[in-house]
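Open the model in your viewer and get your selection tool ready. We will take it one stop at a time.

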Amino acid sequence: MSPRGRAREGDRPPGRPPWVLVAPALVGLAFLVLPLVGLLVRAPWSTLGTRLVQGQVLEALRLSLLSATLATALCVLFGVPLAWVLARVPFPGARLVRALVTVPLVLPPVVGGVALLLVLGRRGLVGGWLDDAFGLTFPFTTAGVVLAETFVAMPFLVISVEGALRAADLRYEEAAATLGATRWTIFRRVTLPLVAPGVAAGAILCWARALGEFGATITFAGNFPGRTQTMPLAVYLALETDPQAAIVLSLVLLAVSVLVLAALRDRWVGTS
Amino acid sequence: MTAGAAGGAAEGLDARLVVRRGAFDLDLALTAAPGEVVALLGPNGAGKSTALRALAGLVATSGGHLRVDGADLRPLPSERRGIGMVFQDYLLFPHLSALDNVAFGPRCRGEGRRAARRRAAGWLERVGLAEHAASRPGALSGGQAQRVALARALAVEPRLLLLDEPLAALDAHTRLEIRAALRRHLAGFTGATVLVTHDPLDAMVLADRLVVVEDGRLVQQGTPAEVARRPRTDYVARLVGLNLYRGRAEAGTVLVGEGPETLDTVDSLDGEVFLAFAPSSVALYRTRPDGSPRNLWRARVTAVERQGDRVRVQLSGPPFPAVAEVTPAAVAELQLSEGSLIWAAVKATETHVYPA
C-alpha cells in the first residue's frame, strides 16, 4: 500500500482486495441474489402459461399497478409542495414537522394501517364525517388501498425532493425574481425543472414502495379479490393454499418491478 | 461628471443603502444618472456585492432610500422593481434555450409566448448571438453566456442595470474582447448602470465614475482618471499602482505621518495632504549618491518580484514603506535581494501632492 500521491482515475488501487472485505461482500451478495434464484428454480415453468392467464393473477396485477400509480400521483401532488415548504419556508417547528414526515418510514406498516383505520375508518375521526357528509368510505375499498400505499410511500418522495431542493442553487431563483417572476412562477418554471431528476427518483422509489405494500393495505383495506387484493396480498394468500401459484405471482411481481424500474431509470435518471 | 452624482436628481438612481447584519455594516450613498455607468470597486468583503443585492431587492435594507427615476423601489420585492441584473456566473437557466432565457423576463411581465420570443430574438441579435438562439446554456462559451445574460437582463427594459463581476468568470484570453463588447453595449443603454468589480482595469474601462467601497463605506469616488491620479486610501493606491502617504505640507515640504521624515515637493500646498509618486520614479542606489537628490532615504528590501519586463522592489520603513520599479538589469547591478540595505531617492518633481 503506497501512501504516496493520490490515485488518479483509472489507476488500479494498489495490492489485492483483502479477503476480510471480499468474503463478507460475497456472502451479502449471495444473500440478496439467492432467494431470487430460488424463485426462478422452483417456478412451475410447464404450467406457467395457464396459471398466468388465470383471472386472479391478472386481476391482482391490474389492481397493484393501478393503485401503486395512483398512490404515486397523490404522493407527487402533495409531497412536492410539502417538500418545497420544508426546504424553502422557514417556520417554527420545522424540525418537528420534518421528523413527523419521516415517521411512516420507521413505523411498522401494520401500525400505519391501524392508524389509518382510526382516522379514516367508518367511525374514525375524519372518516365518520366523510361518511355522513359525502357517503365516502375508504376501508375495504380500492381507494383505501391507494390511501394506505400513499401513506407508506409519501416520505420517500418528500425526502428525495427536499434533498434535491436543498441541493439546488438558490441563485437561479434569485435571477428569476429579478426578471419579474413571482414565487409561483419561479417554482413552476425554474425550481421544478431544476429538481426534476430528484422528483423522478422520488416518484420511482414511491412507486416501488407502493407496489410492494402489504401491512398497511391488508389492515386498512382488507383482502378482497378484485377490489383490494394487490399482488403482495395475493402472494401471501396463495402461499397458504397453493404454493405454486404464490411462486408464479411472485415471479410476475419481480418481473414487473424490474422492467418498470429499468425502463424509467434509462429514461429519467440515467444520465442526469 | 460628478455633478450629476452630487445633484441627487430625480432621474436615474438615487439611493442610500443601509444593511446591518451582525458585524457587517453597510451604509452607502449611491447615485447614477441615466446613461451613466458607475463601478463599485473594493476589496473582498467590502460590501459591494451586498450593495448590489440590496439594489436588486435580494437583501433587505434596514434603512436609507432607493429611488429609480423618482419611483420609490425600497418597499417593492425583487420581482416588482423592474431592474435588470447580470449575475457573476450568469445563472442562465440550464433547462431553457438561450432564446427562452431571454424571453423569460418579458413572459413574466405578462407578454404572450410569441411576442416574448420575438422580443428575445431581437435582443439576441443585438448582442450578436442570433444563430445561438436554440442553444442550451451548457453549449455556450463563457463570453456567449455573458452576452445572453446581458440580453436577458436588458429584455425587461430596466431603468437600472446591475452587473455583478461581469467579467470575472472569463479567462484572460477572451476577457479583453468581451470587455470591449460589453462597453459598447453599456454605451447603448439609456438607463443607469451599476457594476461591481474587484478589477481596477475593468472598472476604469467600463465605468464613467468609480465608487470605492471599503468596510461598507464609500472612501473615494470620481472619474477613473481622477481616482487613478489621486488615490485617497492605501487600497486605491495599490490598485492604481502608486505609493501614497498622508502628511502635513508646509512650504514645499511634506511631513510624512508623525515625522520626522519629510519629502520635498514642488507643489505649493499647505495643510493636510496626500502625497503620491509612481514606483517607476523611485531610483535605487547601492551607496549614497553624490549630488543630492533631496528626497533620499535608507531602506531595506523586503521583496523582489518580476512583473512583465520590470521588477517590483518592496522597500520597508522606517522611514516609510514604498514600492520601486526598476529594470532587471538594475537588479543585477545593485545586487538586490531580500534583506539588503540600499538608498532610495525620488525627485521632488516626480511627487504629486493634493489636499487630504
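Keep in mind on this tour that the model is predicted. Begin with chain B, where about 780 Å² is buried between domain 1 and domain 2, with carbon and sulfur atoms giving 51% of that area. Nine residues of domain 1 and seven residues of domain 2 take part in the contact.

Next, select B:Arg230, B:Arg232 and B:Ala237. In domain 1 of chain B, these residues lose the most area to domain 2, together 55% of what that side buries. What does the rule find across this interface in the way of polar contact? There are five residue pairs, both partners at pLDDT 80 or more. Salt bridges, on the other hand, number zero here.

Now show helix H8 (224-229) and helix H9 (234-240) of chain B, the elements that give two or more residues to the domain 1 side. H9(B) gives the most, with three residues. By class, this side of domain 1 has three nonpolar residues, one polar and five charged.

Move on to where the two chains meet. Here 17 residues of chain A are in contact with 22 residues of chain B. Together the chains bury about 1,800 Å², and 66% of this is on carbon and sulfur atoms. Select A:Thr178, A:Leu179 and A:Arg189: in chain A they lose the most area to chain B, together 41% of what that side buries.

How many salt bridges are counted between chain A and chain B? The count is two. For a close-up, pick A:Arg171 and B:Asp89, whose side chains meet in a salt bridge at 2.8 Å, N to O. The rule also finds five residue pairs in polar contact across the interface of chain A and chain B, both at pLDDT 80 or more.

Then highlight helix H9 (170-178) and helix H10 (183-211) of chain A, each supplying at least two residues to the side that touches chain B. H9(A) provides the largest share, seven residues. That side of chain A has nine nonpolar, four polar and four charged residues.

An unreviewed UniProt entry lists several stretches as "transmembrane region", among them residues 21-45 and 245-264. Residues 21-45 are 88% helix, with end C-alpha atoms 38 Å apart. Residues 245-264 are 100% helix, and their end C-alpha atoms lie 29 Å apart.

Conventions
Residues numbered from 1 in each chain as written. Chains lettered and ligands numbered in written order. Predicted model: local features only at pLDDT ≥ 70, side-chain atom pairs only at ≥ 80, totals over all residues. Heavy atoms only, no water. Contact = heavy atoms within 4.5 Å. Buried area = accessible area lost by both parts, 1.4 Å probe. Salt bridge = Lys/Arg side-chain N within 4 Å of Asp/Glu carboxyl O. Polar contact = N/O pair within 3.5 Å; in protein donor to acceptor, adjacent residues only side chain to side chain. Helix = DSSP H or I, 4+ residues; strand = E, 2+ residues; numbered from the N terminus. Nonpolar A, V, L, I, M, F, W, Y, C, P; charged D, E, K, R; others polar. UniProt positions renumbered as here; feature names shortened; annotations may be inferred.
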